[in-house]
Amino acid sequence: MEINISRDLFDHEAELAVANRKLFQKMGIIVLNLLAGPGAGKTSMIRSTAPLLKQPVAVIEGDPASSIDTDLLNSLGIPAVQINTEGGCHLEAPMVSKALDEFKLEPNTLLIIENVGNLICTAGFPLGESIRVVMVGVSEGDDKPYKYPDIFQGADAVILNKIDLQPYVDFNRERFQEGVRTLRPGLPIFEVSCRTGRGLSEWSQWLERTIISLLKEG
Amino acid sequence: MHELALTEKMLRLVLTEAERHQAEKITKIKICLGELSGIIKDCVAYYFQLSARDTIAAGAELEFGLSTAKLFCPDCKLEFEKTPRDFNCPVCGGLSRLTGSGREWFVESIEVE
C-alpha cells in the first residue's frame, strides 16, 4: 500500500521557529541570527556594533566547544550565554529558547545569536529571528554566494568584513555583489572593517532603523 | 552532518504516518531532494540505516527524486538549469534569477505492508 505524505521536512523547523518568535515577542526583544563561516569576524562584529546602538545588546554564542567568545563579551560588559553544541554544526530553535532561561533581558533588547561558524547547515534551521545577517570576510573569497547559495537567499543583510585586507587578497567585489543580488535582489551589502571601524556606522544605522521598525510592528 | 538531525525527523514523520495506517512495515520511502537544499543524499541514506534499525522502517528502500536548481534570465525570458560555475544565462551571459526549484526536502510517499 502506498501512503501519500507530501510533507515538507523543513516545516517542522519552521514550526519550532514560530514558537520561539512568539516567545521573543512576549519578551519584547528583537532577535538577530548572525551567520558566517568560522573566522569571518562574528564576535568582532558584535563587539564593534554593540556600543554604536541605543538598544541594550545581549548575545547567545553557539560553538561546538569552548567559552572563549562568551568570556570575552562578558568581560566587555555585553551579557552573553554560551551554547556548546558538542560538535553539532548549527543551533536549533529549542536550544535558543532553553538558553534564554539563563538571561534576564529587558524589553527592547537586541539579542544577537552568534550561530556556529558554518555556511551550510545554519541556513536550514531558523531560530525565530526577525533579522538574519550573513557575514563573509574578503579573505574567504568572492565565490561564496555561488558556492553557498542557500544561506544568502534567506538573508536580510550581508556584511562583507575585513575590507581593509582587500588589497592583499584577490577579491572581486563585483562578482561577489552580483552573486548575492542574483540570489536576493536588493539585499543590502555593508562593506566594513571591524579592525579599522570603516563602514560600521552605515551598518549600525541600518540595524538601528530595522530594530525600530520591528519594535513598532510589535 | 546536519543530515543526522534531519534524517531522524524524517524517520519520525514516516513512522507516525505508518502507525496511523496501522502498517507493520515500511518498505519504501520516496523523498524529493533539491540540489540547493544543502542535504547530501548519501548521508541521509547512511544515517537512515542507523536510525531506523530497530523500527518498522528498518531496511526500507529510500528512493530519491532529485530536483535541479532552475534559473530564469529576465532578458532572454529563458528558464535553464544552473551550471556548477555561476548564475549566468547560457545565451546572453547575463545574470539570471533563481526560481523556486531546487530547495526541496520532502517526503512524497511511503510504501507499507
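Predicted model: local features only at pLDDT ≥ 70, side-chain atom pairs only at ≥ 80, totals over all residues.

Reader: What is the phi of Lys162(A)?

Author: The general idea comes first. Most residues other than glycine have a negative phi. Lys162(A), however, has a phi near 65°, a positive value in a residue that is not glycine.

Reader: Where does Gln22(B) lie, and what is its phi?

Author: Gln22(B) belongs to the loop between α1 (3-20) and β1 of chain B. Its phi is positive as well, at about 50°, although Gln22(B) is not a glycine. With a relative accessibility of 71%, Gln22(B) counts as exposed.

Reader: Let us turn to the strand β7(A). How many residues of β7(A) are buried?

Author: Strand β7 of chain A covers residues 157-161, and five of its five residues are buried, so the strand is largely enclosed by the rest of the structure.

Reader: Which residues of β7(A) lie on one side, and which on the other?

Author: In a regular strand the side chains alternate between the two faces of the sheet. In β7(A), one side carries Ala157(A), Ile159(A) and Asn161(A), while Val158(A) and Leu160(A) are on the other. Both faces are covered, since these residues are all buried.

Reader: How many bridges join β6 to β7(A), and how many join β7(A) to β8?

Author: Strands of a sheet pair through backbone hydrogen bonds, either parallel or antiparallel. Strand β6 (residues 131-137) of chain A is joined to β7(A) by five bridges, and the two run parallel. Within this pairing, Val136(A) stands opposite Leu160(A). Three bridges join β7(A) to strand β8 (residues 189-191) of chain A, again in parallel. There, Ile159(A) is opposite Phe190(A) of β8(A).

Reader: What is the order of strands in the open sheet of chain B?

Author: This open sheet has three strands in the order β4-β3-β5, with antiparallel pairing. Its edge strands are β4 (78-81) and β5 (97-98) of chain B, each of which pairs on one side only. Two bridges connect β3 (residues 70-73) of chain B with β5(B). The bridge partner of Leu71(B) in β5(B) is Leu98(B).

Reader: Which residue lies over the face of Tyr146(A)?

Author: Arg175(A) does, at 4.8 Å from the ring centre.

Reader: Finally, how is one to read the pockets? What is the volume of the largest pocket?

Author: Rolling a probe the size of a water molecule over the atoms shows where empty space is left. The largest pocket has a volume of about 400 Å³. It is lined by 19 residues, and those closest to its centre are Phe10(A), Ala123(A), Gly124(A), Pro126(A) and Arg103(B). The elements giving two or more residues to this lining are α1 (11-27) and α6 (149-153) of chain A. The largest share, six residues, comes from α1(A). By class, the lining of the largest pocket has six nonpolar, four polar and nine charged residues.

Reader: Which residues lie nearest the centre of the second largest pocket?

Author: They are Lys147(A), Glu35(B), Leu36(B), Gly38(B) and Ile39(B), out of 17 lining residues. The second largest pocket holds about 300 Å³ of space. Here α6(A) gives the most to the lining, with three residues. The lining of the second largest pocket divides into ten nonpolar, four polar and three charged residues.

Key: Residues numbered from 1 in each chain as written. Chains lettered and ligands numbered in written order. Heavy atoms only, no water. 1 Å grid on protein atoms, 1.4 Å probe; cavity = no way out; pocket = protein on both sides within 12 Å on 5 of 7 lines; lining within 4 Å. Points joined across faces, edges and corners; volume = space filled by probe spheres on them. Helix = DSSP H or I, 4+ residues; strand = E, 2+ residues; numbered from the N terminus. Nonpolar A, V, L, I, M, F, W, Y, C, P; charged D, E, K, R; others polar. Lys NZ or Arg CZ within 6 Å of the ring centre and 35° of its normal. Pairing = 2+ DSSP bridges. Buried < 20%, exposed > 50% of the residue type's maximum accessible area, 1.4 Å probe, protein only.
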